[in-house]
Amino acid sequence: MKDTFLIALFAFLGAGAAGLLGAAALWLLRRRSLTASLTVVAAVAVTAMLAGTLAVAQAMFLSGHDLTVVTTVVAMAAVVSLATALLLGRWVVARSRELQLAARSFGEGGDFAAPARPATAELAALSRELAATSARLAESRERERMLESSRRELVAWISHDLRTPLAGLRAMSEALEDGVAADPDRYLRQIRTEVERLNGMVGDLFELSRIHAGTLALSPSRISLYDLVGDALAGADPLAREHGVKLVGGRIEEVPVEVDSREMNRVLGNLLVNAIRRTPEDGTVAVAAERSAEGVVLSVTDGCGGIPQDDLPRVFDTGWRGTHARTPPAGAGLGLAIVRGIVEAHQGRAAVRNIPGGCRFEVTLPAAEH
């Protein structure tokens, strides 16, 4: 039993010394190729066996013949192990380089295409993660491209919309200044109208910039849908009378919601103004509010004649103004974009769909907790 213990002790010491040397070699080669590391690991395994054998032989536990046999066997094992480690290392490094080239093209703005040849489980998992990241970045680039295009269109439209009232204001102010205005009071009323229009456009731009920057501060409070819709209808009634449009508030349930009443009044106001301006004279704009499986649904139905199917996904985009079916009045196409931004800030959803003779805008909000 004592001899066995001594043999194990000497073998452990010899193998331990080889392991320490191998660890030092791995630390020195930590920045080198994986092939070198695999070769060191294989060499450590063989060297540890040989070192343990030599340590035991040195202590006189093995005969010279046995030592020769063991050394020969270990040497052959070392040759095979090192050759296998080199082949494995070269194979793994080749797969790693293929993945590196694929990732490089992905980083340069292209799409990631995983190498076709098989790889280790770790490299395959990394390849799948890179493919998923590539897909997300492609979506992000497309979204950024669309936003940039929308911004350029918005700047062009805003510049055009501002130029017209500014030119009118300049002409009227010069006429008043030169004393050639036939009816100064009418000019002053027109100036006030144009200033209010410009003020509304600037307010919309400011609101939209807060939404896009994520700085829209909400002050939610518990309010009944009945009161919310009632206030919005009262505010839109003068415009409806001016356009000869009938406002109808039907199926309005007294459901409580937790919303910022000022911002939600703006949402309903934008939807109502949008619907009134696009509904023919003697038409009807209906507002409804009711519970649903998803929460609470506010809807505004108009008689615009419908929106082309291809335009439906773009209705809430910044700067969208519609087509011939919805000829836009003066404005920058910001109202519906503001509606979506405010609703999403309330963890809700804005949608639109066509119905016979018109379309229906729906705002879905979470119901207030009882």
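Analyst: Two residues are in contact when they have heavy atoms within 4.5 Å of each other. Keep that in mind for this predicted model.

User: Which residues touch Ala-181, not counting those up to four places away in sequence?

Analyst: By that cut-off, Ala-181 touches Ala-175, Leu-176 and Tyr-187. Ala-181 itself sits in the loop between helix H4 (121–178) and H5.

User: Why does Ala-181 count as buried?

Analyst: Buried means under 20% relative accessible area. Ala-181 has 14%, so Ala-181 counts as buried.

User: What makes Phe-316 and Phe-361 an aromatic pair?

Analyst: Ring centres must lie within 6.5 Å. These two are 5.9 Å apart, centre to centre. By this rule the model has one aromatic pair.

User: Why is the pair of Phe-316 and Phe-361 called edge-to-face?

Analyst: Planes over 60 degrees apart count as edge-to-face. The angle here is 85°, so the pair is edge-to-face.

User: Which parts of the chain does the pair link?

Analyst: Distant ones, with the two residues 45 apart. Phe-316 is in the loop between strand S5 (295–301) and helix H8 (335–345). Phe-361 is in strand S7 (residues 358–365).

User: Are Phe-316 and Phe-361 buried or exposed?

Analyst: The limit for buried is under 20%. Phe-316 has 7% relative accessibility, so Phe-316 is buried. Phe-361 has 3%, so Phe-361 is buried too.

User: Which residues of H5 and H7 meet?

Analyst: From H5, Gly-203, Asp-204, Glu-207 and Arg-210. From H7, Arg-262, Glu-263 and Arg-266. By class, the contact has no nonpolar, one polar and six charged residues.

User: How do H5 and H8 pack?

Analyst: Their axes are 10 Å apart, at an angle of about 40°. The crossing of H5 and H8 is left-handed.

User: What classes do the residues of the contact of H5 with H8 divide into?

Analyst: Asp-204, Glu-207, Leu-208 and Ile-211 in H5 meet Ala-337, Ile-338, Gly-341 and Ile-342 in H8. That contact has five nonpolar, one polar and two charged residues. Gly is classed as polar.

User: What do the buried residues of H8 pack against?

Analyst: They pack against H5, H7, strand S6 (349–355) and S7. The buried residues of H8 are Leu-336, Ala-337, Ile-338, Val-339, Gly-341, Ile-342 and Val-343.

User: What is the phi of Asp-282, and what is the phi of Gln-347?

Analyst: Most residues other than glycine have a negative phi. Asp-282 has a positive one, near 70°. Gln-347 is also positive, near 65°.

User: Where do Asp-282 and Gln-347 lie?

Analyst: Both are in loops. Asp-282 is between H7 and strand S4 (284–292). Gln-347 is between H8 and S6.

User: How do you know that Asp-282 and Gln-347 are exposed?

Analyst: Exposed means over 50% relative accessible area. Asp-282 has 70%, so Asp-282 is exposed. Gln-347 has 65%, so Gln-347 is exposed as well.

Technical notes:
Residues numbered from 1 in each chain as written. Predicted model: local features only at pLDDT ≥ 70, side-chain atom pairs only at ≥ 80, totals over all residues. Heavy atoms only, no water. Phe/Tyr/Trp six-rings, centres within 6.5 Å; stacked < 30°, edge-to-face > 60°. Helix = DSSP H or I, 4+ residues; strand = E, 2+ residues; numbered from the N terminus. Buried < 20%, exposed > 50% of the residue type's maximum accessible area, 1.4 Å probe, protein only. Axes fitted to C-alpha atoms, helices over the stretch in contact; angles between N-to-C directions. Left-handed = near helix turned anticlockwise from the far one by under 90°.
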